[in-house]
Amino acid sequence: MKNLSKNKAVINGSASVLSILIGFGFSFLVLLISNAPYSFVGLTTLLLGGFNGGMQGIGNVLYTAGPIILTGLAVGFAFKTGLFNIGATGQFIIGAFTAVYVGVRWTFLPVEIHWVVALLAAFIAGGLWALIPGILKAYRNVNEVISSIIMNYIGLYLVNYMIKITIFDPTKNQALMPTRAYLPVYGLDKIFTNSSINVGFFIAVLMAIIAYIILEKTTFGYELKACGFNRFAAEYAGINSKRNIWLSMVISGCFAGLAGGVMYLAGSARYFEIIDLLLQYPEGFTGISVALLGLSNPIGIIFAGIFIGYIKIGGFYLQWYPIMPEIVDLMVAVIIYLSALSFFFRAKIVYVLRKFEAKK
Amino acid sequence: MNIIYFVVQNSFLFIVPLMIVALGGMFSERSGVINIALEGIMIIGAFFGIFFIRLFSGTMPDQVLIIVAMLVSITMGVIYSLFHAYASINMKANQTISGTALNLFAAAFTIYTAKVLVGAKQIDFKNTFRIAKVPLLGDIPVIGDFFFKNTYLFTYIGLALLLLSSYVLFKTRFGLRLRACGEHPQAADAAGINVTRMRYAGVMISGALAGLGGLVLIVPITTNFSGDVLGYGFLALAVLIFGQWKPSNIFFAAVFFGVTSTISNVASIIPFLAVLKLPSAVYKILPYLATLVVLTFTSKKSAAPKAAGEPYDQGKR
């Protein structure tokens, strides 16, 4: 406890907490300006988040957190290797479609393992989709931000077309639902009554733990991180940086694809709509927020995902009052902007802590 | 012939905003700041411009109204881009993260504000700005039909901006200094150029053009703005890279993207394409695929500004 100013976890954590507090302050200010009579009740609802709805609310927080923890892992894992996978959205879409396709069409599978196969297919499909920007980055030095933005749009248009020719139900004007491959609930709905919870959240946590083990406890993870810090130094130390770059993208894509599967293999999920709009799949972009808030650390990402889920559900309960739920998105955006400035925050926190320690 | 006129006239609706926004991105990246927030700035520009049109519709002549609205969009675009400039230049923040935050904020802000002010996500407005035929020029055979009928003031402003950008970037002292800051800011600084100021200029120009581009995109294609610009900010980034950070190439890239996206909408009524019976997804994917291929073969010796994306560190001189 002596050298707080040198403890990285404390500094990073308090920078995140500070960003979040300012975020809440900002949304309160917005409420004061736009909707003064409801500003206090709005703030308390926001702060109470998922707890507003009791066990149902908590169940829904975990349900919402599942896919965004996974997309957060996708973005965070790539960050560790120095790559910005803004293509999580595209990998999410591809994964979601593959899962639903397998769920609807592969009825020859035994019903017990149908959902497992569908998730596995989503996992692999997401990884393959990320392989393209990965290979381009490793061997042709193509900026992965641009190539994965492009892959997002190609994925969107491709999936919209594939839905139309494979799993579209023209009588209902929507995609068929993968009813046979829904994720199991294992009695969780008894604890969190009336909520949409399923096993998805626990799959996400398991994946986070696996990601943690890969990054922190294996040689491979060490090599990945080394490439992230300095590609050329890693190369000089005998690490095959090219292979690590595309592998890291693939693993990242697997997480994002799995997120799509987890999201869409549920009765409470949205059904596919054939609209050329990436924003109908916000989980990919939310993953960026989750990864940034969780400081790209898999365990941090679990908490960041729960936090974002928590305030999103809080936003849902804001509709009890004449308050727009978009205030939650505003708040998240402010928090992300502040976390971009975290360099500055961390320096300030170290400064304050040092002063404090000097006094003692 | 009528179909060709129709396709050309329609293509301009996509070419012009894509080109304007990509030119904006060019100024920012040439100064050394990657601006992934183009999408968000477009949304902000479109929001304020459209809201202005809604408020003042009918109080002044149409073409005057649209000019003032454009100025509103430009101003708000510049103001919004300052957040990106501050984060990435003063605070040396990660430019991609700051840009992402600005994109998220813009989308949420417009929807929230629209719901508070108008009571709905969509902001309706009257589009009274179409020019059916430009006097005199519209009477020229063929050329008149292509370029001076069913058009908007935007088309000509866009072309003027293209020429102006090219001139500013390559023929003025300012342009030379801006490019120096994007290629080698340490050398520029040593030569007495204020890197911070030049980068601010680059980002603010991108804010102005992206804000304008948002309005230019939305006005012709819809009568209600619902807080998004259909991913055209990201598309403009692709145009910028496809155009290899050069104004003339950006123009051709924008034409390519604009024509293919128009064709994707109307392929079924163009006789020789209708015969092929290709799904419209092919035309939608085509420009993206082409960009990816171009990137694959040019990235080894990329024309990208060398210092784009790196905060300027004086200690590295």
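A contact here means heavy atoms within 4.5 Å of each other. In this predicted model, local features need pLDDT of at least 70 and side-chain atom pairs count only at pLDDT 80 or more, while totals for chains, interfaces and linings use all residues. Residues are numbered from 1 along each chain as its sequence is written, chains are lettered from A and ligands numbered from 1 in the order in which they are written, and side-chain values use heavy atoms, with hydrogens and water left out.

Take chain A and its contacts with a separation of 6 or more: 76% of them come from residues 24 or more positions apart. Buried residues make up 59% of the chain's 360, where buried means under 20% relative accessible area, exposed over 50% and partly exposed in between, using a 1.4 Å probe and protein chains only. The C-alpha trace of chain A spans about 70 × 60 × 35 Å along its principal axes.

Now for the rings. Over all chains there are 37 aromatic pairs; rings of Phe, Tyr and Trp (its six-membered ring) pair if their centres lie within 6.5 Å, and planes under 30 degrees apart count as stacked, over 60 as edge-to-face and the rest as tilted. Tyr153(A) and Tyr288(B) make a stacked pair, 5.2 Å centre to centre with 10° between the planes. Both of these tyrosines, Tyr153(A) and Tyr288(B), are buried.
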